[in-house]
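Here is a short report on one protein chain. Take a look at the model before reading on.

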Amino acid sequence: MIASLTAEWWMDQSVWLLRILLAGICGTAIGAERQSQLKAAGVREHLIVAVASALMMLISKYGFFDVVQVTGMGVDASRIAAGIITGIGILGGGLVFIGKRGFVNGLTTASGIWVTVGVGMAAGAGMYLLAVEVTVLILVVQACFHRNPRIGKEPLRGQIIFSIQDTDSEEKIKDMISEIEKSGMKINRLKWESGGKKAALLRCNVVLRPDMGRKDFVECISRFDAVISYEI
């Protein structure tokens, strides 16, 4: 009797360990892809998130058997799983930040952390095939989009700073802006900085056409004599 219970206990422990190991492997695969793109969250972060979510899922499913056996005691096994989803929002939010030009970065990495939680929960719940399938799907999608197909390519964004002299007419400034737009760039923000007696600065935040690269951007702005600085 004791031997049978011991064997059953070890079998349960082995299955649980297998689930955590599978979650760790899947998390490592997703993290390796993110790390290869020099992102903030890499192998270690995705591995820890996947293992932690699998562990909490196991606790949610099997950690309250002794309580359930008590007469009149009820347990909602889904509450810990729901808490995982809520808690990961804090970690994901820390990966998203807004740059000095108002551009949002880190959304893809935060999304990767989010799906890694799902993979870990699936592995912890015993859905082995689902966990592996989602991992492979995410890796394929990321690899395809990093090759920049037209459907998934995001347009480049840049900033051009012009030096405006007192002698420059309003028409010249309008022609300058019109020339930028004719070259295929869309101006989404203009900022005028008065220099007093000195030359003023005109900052233009632009969005390039999807088919334009950095070389095209440099060639376009090289036609303007008033450019003192640019960034892309």
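Is Val136 buried, partly exposed or exposed? Val136 is partly exposed, at a relative accessible area of 45%. The model is a predicted one.

## The patch around Val136

Val136 sits in helix α6, which spans residues 128-146. Together with Val132 and Val140, Val136 makes a nonpolar surface patch of about 210 Å². Patch residues must have over 30% relative accessible area. Val136, at 45%, is therefore above that cut-off.

An α-helix has 3.6 residues a turn, so residues three or four places apart point the same way.

## Overall make-up

The chain holds eight helices and six strands. Starting at the N terminus, the order of elements is α-α-α-α-β-β-α-α-β-α-β-β-α-β.

The chain has 232 residues, and 32% of them are buried. It exposes about 14,600 Å². Carbon and sulfur atoms supply 62% of that area. Consider contacts with a separation of 6 or more: 65% of them join residues 24 or more positions apart.

## The buried side of α8

Helix α8 covers residues 214-221. Phe217, Cys220 and Ile221 are buried in this helix. These residues cover an arc of only 85° around the axis, so they lie on the same side of α8.

What do the buried residues of α8 pack against? Their partners are three strands: β3 (157-164), β5 (200-207) and β6 (227-231).

Technical notes: Residues numbered from 1 in each chain as written. Predicted model: local features only at pLDDT ≥ 70, side-chain atom pairs only at ≥ 80, totals over all residues. Heavy atoms only, no water. Patch = residues over 30% accessible without salt bridge, like charges linked within 9 Å, V, L, I, M, F, W, Y side chains within 5 Å. Areas by Shrake-Rupley, 256 points an atom, 1.4 Å probe, with all protein chains shown as cover. Salt bridge = Lys/Arg side-chain N within 4 Å of Asp/Glu carboxyl O. Helix = DSSP H or I, 4+ residues; strand = E, 2+ residues; numbered from the N terminus. Buried < 20%, exposed > 50% of the residue type's maximum accessible area, 1.4 Å probe, protein only. Contact = heavy atoms within 4.5 Å. Arc of directions from axis to C-beta.
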